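Here is a walk through one protein model, strand by strand and helix by helix. Have the structure open while you read.

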Amino acid sequence: MKFSEAWLREWVDPSVTTLEMADQLSMAGLEVDSVESVAAAFNGVVVGEVLAREQHPDADKLSVCSVSIGGDEPLQIVCGAGNVVAGMRVPVATVGAVLPGDFKIKKAKLRGVQSLGMICSASELGLAESSEGIMPLPVDAPLGENFRQYLGLEDKAIDVDLTPDRGDCLGLAGIAREVGVINRCPVNPPSIQAVSAVIDDRVEVDLQADQACPRYLCRVIRGVDVNAETPLWMKERLRRSDIRSLGSVVDVTNYVLLELGQPMHGFDLEKVEARIRVRMANANEKLILIGGQEIELDEETLVIADAGRPLALAGIMGGEGSAVSETTRNILLESAFFTPTAISGKARGFGLHTDSSHRFERGVDPQLQAKAMERATALLLEIAGGEPGPVVEVCNEKKIEQRPLIELRAQRVNRVLGVEIDPAEVGDILKRLEMETSETDQGWQVRAPSCRFDIAIEEDLIEEIGRIYGYARIPIHRGQSAMVMRERYEADYDLGRAKQLLVGRDYQEVITYSFVSPEIESMIDPETTPIRLANPISADMSVMRTSLWPGLLQTAVYNQSRQQSRVRIFESGRCFVQREAIDQGMVLAGLVSGECLPEQWGSDIPRADFYDMKGDVEALLSLTGTPQDGFSFASAEHPALHPGQSAAIGFQGMSVGMMGMLHPELEQRLGLNGATFLFEIELAKVAKGRLPGFESLSKYPSIRRDIAIVVDESVTFESIRNLIRDESGKIITDIRLFDVYTGKNVDSGRKSLALGLILQEKSHTLTDKEVDGVVTAVLDRLAGDFDSKLRN
């Protein structure tokens with residue numbers, strides 16, 4: 001909700017500065033997002049009048065104007081705007097003025113004609129992003145007055161970021177009530193009187209969907225000049241709330257929306273057939289909205305229709321076929337109460353979000369419609385003229401939820417807030433918040449105003465008292481309860497240590513959304529059906545992630561598109577898989593792309609590969625306290641990974657994750673540059689680690705024997721290592737692979753592996769005979785199980 005401070009101070013004017021008021025609102029739960037000037041800095045601009053306009057002698061698109069600014073002599077100014085006419089009052093930048101963008105006005109000659117100033121457009125003054133022609137001012141604008149003072153441009157625009165439960169503050173009236181009660185000062189709203197009917201024309205209303213629309217009002221106004229100019233004061237208030245002027249009828253309804261918080265709509269009366277019907281749409285019924293978007297309706301959508309067709313999407317947007325146009329002379333004003341449940345999510349379902357839907361979704365005061373109708377009628381008659389008919393109101397009061405009567409106990413207030421508040425002050429706060437109160441023996445009976453949907457129980461009232469009383473005035477008390485530490489086993493996997501380890505390996509942590517697009521989710525995990533959101537933020541965030549990889553990949557694309565070729569990132573978070581219940585397991589995942597080291601001068605830097613990431617994963621698994629042979633990497637396939645460079649991560653006999661290179665096809669579709677490697681570990685499966693145990697070091701020397709064996713290419717080093725350990729027992733303490741060779745002197749389909757075997761005993765020094773016996777036994781076992789040959 002964005003509004004002008006000067007406009008607010010017409011309603012309520014406490015003796016506080018702008019920043020103090022903003023702080024008060026934030027502390028009362030209405031967070032102020034920004035306080036900005038309503039206009040860019042400029043000076044030297046005054047109100048002028050064009051006395052005469054003549055064609056420039058040497059330029060078809062220029063004119064020479066004689067402009068009075070209240071001085072003895074008029075100024076000669078060359079102007080290029082086509083809408084300048086004699087008698088027009090305009091903003092004039094005099095010589096020496098400085099306009100937004102530090103643009104200085106100097107004496108100049110344009111095509112040989114002297115120009116002593118500049119007649120300004122709204123965009124040149126920073127009051128609009130674009131404008132066609134000079135900014136016209138009212139004929140009664142005081143000649144020669146400083147333009148900033150005339151428009152009150154020393155004003156501030158305050159933007160309040162409201163929580164969804166405070167729909168009552170989506171109008172200036174609600175903000176004024178809050179400021180008034182915080183500062184204990186009176187609120188002076190504008191006087192709104194009923195406008196008497198001049199004609200008897202009316203449109204009957206058939207309220208078929210009274211559950212979704214319990215109250216509907218409409219009024220015929222004939223003879224409206226829709227092309228009448230909206231007053232500058234109204235345009236300015238709309239502009240300062242980030243709403244463009246779109247013609248007198250729309251401007252009036254938007255003004256009432258900002259002032260009172262009641263969305264309204266105007267129909268071209270001649271385009272409404274017979275009567276208004278408030279009903280649910282028919283299946284596959286179509287409606288073209290203002291702006292030309294055609295939508296297909298369903299039976300859950302509330303519409304405003306006439307006898308033959310839908311006219312508007314109720315509470316969201318009007319239809320193009322019944323919209324007010326330049327030729328409209330007779331209008332039908334609408335003011336209605338639509339229940340939040342009837343409107344919630346409907347706009348997003350059609351890819352829309354409007355000021356009306358924003359308010360109706362959060363709740364509009366169901367008693368506000370008649371007041372808004374009278375206010376809009378009076379403003380429209382003042383601006384565009386016309387003859388109003390009677391207000392037609394159809395209402396089912398039984399369908400309007402009444403605010404409950406709540407028992408508020410003084411003792412309970414003091415206990416919950418932790419401070420004793422004078423009952424007289426409590427009563428004053430409730431009264432200023434427009435609550436209906438009556439005193440009881442224990443406190444009060446309170447009924448919240450119809451606009452406060454968020455107040456239903458005693459604690460809601462206590463919250464109101466606390467925030468208005470002031471949280472800063474509530475003393476701090478230290479809690480007396482005993483703190484109980486949650487037991488945590490020392491051997492449990494420590495995610496914090498894992499993150500520190502990755503940071504130490506030059507990774508950076510990222511946090512991505514749990515919502516992802518269905519397209520990228522189906523690319524990464526096509527075999528799992530993701531959980532679809534009922535009310536997604538947007539179409540590309542409409543399903544819950546089943547893996548952390550989509551977020552990491554999108555982050556990598558984002559960074560690479562900004563010249564960051566080396567990306568090393570990780571994330572921990574929950575993934576969501578629908579089984580019997582929704583599985584929300586914690587996962588740790590990482591991504592590597594680009595060079596394995598930062599750029600430097602000492603040597604060439606290779607690109608990161610599968611084994612670089614494998615080393616990082618092994619380091620993560622080592623935090624479980626399990627020896628290296630306690631986890632494994634077995635060749636496996638994954639839809640998102642390269643079939644030749646992917647592996648299932650095994651730990652204590654079970655699969656705990658996957659790693660590998662992103663499939664080249666996905667790499668191309670996502671727009672990634674170069675090979676990208678990913679890993680993902682399910683943390684629940686590695687949660688139980690083991691504490692390290694001490695073993696005394698051997699006093700006796702170790703002996704190394706190197707062997708080179710030729711085996712089939714399909715035989716993995718892991719299987720060879722496991723066989724050697726099984727055959728030798730504990731005498732071989734380490735097995736080191738130091739060379740892999742294929743090529744000359746090695747048969748096709750075979751490979752040569754060079755292994756370093758480290759042998760050591762704790763009880764004595766090994767003899768050559770013992771070592772040879774162990775090595776021979778190992779070679780024999782390798783030959784028998786893997787058809788290996790000893791390579792000379």
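In β23, C218 has V392 as its bridge partner; strands here are DSSP runs of E, at least two residues long, and helices are runs of H or I of at least four residues, both numbered from the N terminus. Before going on, a word on the source: this is a predicted model, where local features need pLDDT of at least 70, side-chain atom pairs count only at pLDDT 80 or more, and totals for chains, interfaces and linings use all residues. Residues are numbered from 1 along each chain as its sequence is written, and side-chain values use heavy atoms, with hydrogens and water left out.

Back to β13, which covers residues 215-222.

| Partner of β13 | Residues | Sense | Bridges |
|---|---|---|---|
| β21 | 331-337 | antiparallel | seven |
| β23 | 392-395 | antiparallel | four |
| β22 | 387-388 | antiparallel | two |

V220 sits opposite L332 in β21, while I221 faces P388 in β22. How many of the eight residues of β13 are buried? Seven of them are, with buried meaning under 20% relative accessible area for a 1.4 Å probe, protein chains only.

Next comes an open, antiparallel sheet with its three strands in the order β24-β26-β25. β24 (405-409) and β25 (436-439) each have a single partner strand, so one side of each is left without a neighbour in the sheet. Neighbouring strands are turned by 25° against each other on average, direction ignored. β24 pairs with β26 (residues 443-447) over five bridges, and L408 has W444 as its partner in β26.

Helix α11 (residues 410-417) packs on this sheet, touching β24 and β26, and its direction makes about 70° with that of β24. Helix α12 (residues 423-432) lies across β24, β25 and β26 and runs at about 5° to β26. Such angles run from 0 to 180 degrees between N-to-C directions, using axes fitted to C-alpha atoms, for helices over the stretch in contact.

The expected span is 1.5 Å times one less than the number of residues. Its buried residues are E718, I720, R721, L723, I724 and S728. They pack against β34, β38, β39, β40 and α20, with contact meaning heavy atoms within 4.5 Å. Just after α19, G729 takes a positive phi of about 75°.

Helix α17 (residues 610-622) reaches 18 Å from its first C-alpha to its last, close to the 18 Å expected. At its start, a side-chain oxygen of D609 comes to within 3.1 Å of the backbone nitrogen of Y611. The buried residues of α17 include F610, M613 and K614.

## The nonpolar cores

The largest nonpolar core has 48 residues, and F3, L8 and V160 have the most contacts inside it. A core here is a set of buried Ala, Val, Leu, Ile, Met, Phe, Trp, Tyr and Cys residues joined through side-chain atoms within 4.5 Å. Apart from it lies another core, of 38 residues, including A336, A342, I343 and L352.

Definitions and conventions:
Buried < 20%, exposed > 50% of the residue type's maximum accessible area, 1.4 Å probe, protein only. Pairing = 2+ DSSP bridges. Polar contact = N/O pair within 3.5 Å; in protein donor to acceptor, adjacent residues only side chain to side chain.
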